[in-house]
Amino acid sequence: MVHQFSTRAVHEGSHPDPTTGAVIPAISLSTTFAQTYPGVPIGEYEYSRSSNPNRTNFEQVLASLENGKYGLAFSSGSATTAVVLQSLPVGSHIISIGDVYGGTHRYFTQVANTHGVDSVFSSDIVTELPALIKENTKLVWVEGVSNPTLSVTDLAKVKEIITATGRTDILFVVDNTFASPYITNPLDHGADISVHSATKFINGHSDVVLGVAVTNSEEIYKRLTFLQNAIGAIPSPFDSWLAHRGVKTLALRVGQASKSALKIAEYLEASDFVEAVNYPGLPSSKDYEIVKRQHRDALGGGVVSFRIKGDKETAAKFTQSTKLFALAESLGGIESLLEVPSIMTHAGIPVAAREKSGVFDNLIRLSVGIEDTLDLIQDIAQALEAASK
Ligand SMILES: *Cc1c(COP(=O)(O)O)cnc(C)c1O
């Protein structure tokens with residue numbers, strides 16, 4: 001019997017302890033596990049880098065929530081990227097999106113390049129992909145919902161293009177951080193691996209840095225498990241436990257954040273202080289048809305971005321005027337945050353390139369938390385007034 005999302009979030013990987021009856025699994029800090037005879041461990045564990053009970057529990061629930069067979073946890077979203085990239089042969093070619101997460105771009109171009117990996121970034125991957133695929137292309141890496149302009153990639157379409165080439169050696173990886181497994185499950189749309197920075201919505205409380213990868217392929221799972229152990233970029237038992245606690249409320253948190261984010265996007269769309277709004281949950285969004293197919297209940301998620309009328313000083317003034325939205329990088333937590341991508345998260349990208357993907361000086365990104373919608377809208381309303389004075 002397959003249960004619904006929140007039932008699985010609460011119960012998968014979380015069973016009462018058979019000896020003490022503790023309903024919540026204990027945090028297992030031991031680095032090593034006793035054996036009864038050389039090479040015969042008492043249970044399924046030997047050494048905590050290879051596997052640990054809290055990590056296993058968390059990996060199980062994540063696999064289930066992503067509709068996958070196998071889950072793997074890493075010390076950060078970036079470590080997850082590193083391990084996936086390390087699984088590619090020397091001299092591989094990667095195709096990705098123009099507004100891919102800055103840290104991913106950095107890893108592809110400044111770390112993976114040292115083992116001969118070459119990457120290309122397309123601002124319209126669905127159109128350009130067929131022409132970009134080369135003989136040594138081994139990876140297509142997209143984000144379901146991109147950052148900070150929140151465009152949505154048609155995952156089934158990307159898969160269709162890869163399949164049409166007849167090539168079986170091209171991995172299709174989706175970074176599903178912005179949507180979260182509650183909103184979409186990339187494996188259902190043809191991805192080979194769904195990866196996350198669990199630092200964001202999955203943990204959801206801005207107190208853990210962690211990453212995950214989920215797949216249905218035993219071959220990929222074996223390769224990544226080998227690298228997880230060999231490289232050792234693993235999360236601590238405590239962080240695994242915290243992230244596991246966090247993910248149990250994923251549907252409640254992402255549901256509430258999406259509800260507020262839609263109301264905020266509608267408010268911004270109607271405001272005279274605003275030039276443009278990016279939110280995939282708005283029926284006016286250019287990607288709404290894809291959202292309807294790819295997202296649960298056409299939800300847009302908890303992130304909204306908009307261009308305030310004015311320049312970067314106006315945007316900065318807005319950030320000085322909010323009382324609830326804190327000025328900080330990151331997203332996906334219970335508390336609302338805001339940032340100016342051109343100065344903060346995307347400052348490293350050359351101006352022409354960032355403007356090409358919609359990151360203008362007056363763009364503001366909101367990560368909507370789970371506070372009451374009305375309070376958030378009032379906070380935005382007074383900050384727009386204050387910034388425009
Ligand atoms: C934050 C983030 C990452 C990197 O994750 P860390 O946990 O910070 O290492 C990767 N992809 C996306 C889309 C992110 O938002």
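Biologist: What makes R307 count as a charge over the ring of F360?

Modeller: R307 lies over the face of F360, 3.8 Å from the ring centre. A charge sits over a ring if NZ of Lys or CZ of Arg is within 6 Å of the ring centre and within 35 degrees of the ring normal, so R307 is counted. This is a predicted model, in which local features need pLDDT of at least 70, side-chain atom pairs count only at pLDDT 80 or more, and totals for chains, interfaces and linings use all residues. Residues are numbered from 1 along each chain as its sequence is written, and side-chain values use heavy atoms, leaving out hydrogens and water.

Biologist: Why is the pair of F5 and Y182 called edge-to-face?

Modeller: Rings of Phe, Tyr and Trp (its six-membered ring) pair if their centres lie within 6.5 Å; planes under 30 degrees apart count as stacked, over 60 as edge-to-face and the rest as tilted. The structure holds 6 aromatic pairs. In one of them, the centres of F5 and Y182 are 5.2 Å apart and the planes meet at 65 degrees, so the pair is edge-to-face. F5 belongs to helix α1 (residues 5-11) and Y182 to helix α7 (residues 180-183), 177 residues apart. Helices here are DSSP runs (H or I, at least four residues), as are strands (E, at least two), numbered from the N terminus.

Biologist: Why is F5 called buried?

Modeller: Buried means under 20% relative accessible area, exposed over 50%, and partly exposed in between (1.4 Å probe, protein chains only). F5 has 5%, so F5 is buried. Y182, at 15%, also counts as buried.

Biologist: What makes the pair of F108 and F121 stacked?

Modeller: Their planes are 20 degrees apart, with 6.3 Å from centre to centre. F108 sits in helix α4 (residues 102-110) and F121 in strand β5 (residues 118-122). F108 is buried at 0%, whereas F121 is partly exposed at 23%. Ring pairs also link F108, F121 and W141 into a cluster.

Biologist: How do you know that K200 is buried?

Modeller: The relative accessibility of K200 is 11%, so K200 counts as buried. K200 is found in the loop between β8 (193-197) and β9 (211-215). Not counting residues up to four places away in sequence, K200 touches T177, S330, L331 and G332, where contact means heavy atoms within 4.5 Å.

Biologist: What does UniProt place at K200?

Modeller: The unreviewed UniProt entry places "modified residue: N6-(pyridoxal phosphate)lysine" there. UniProt positions follow the numbering used here, feature names are shortened, and annotations may be inferred rather than shown by experiment.
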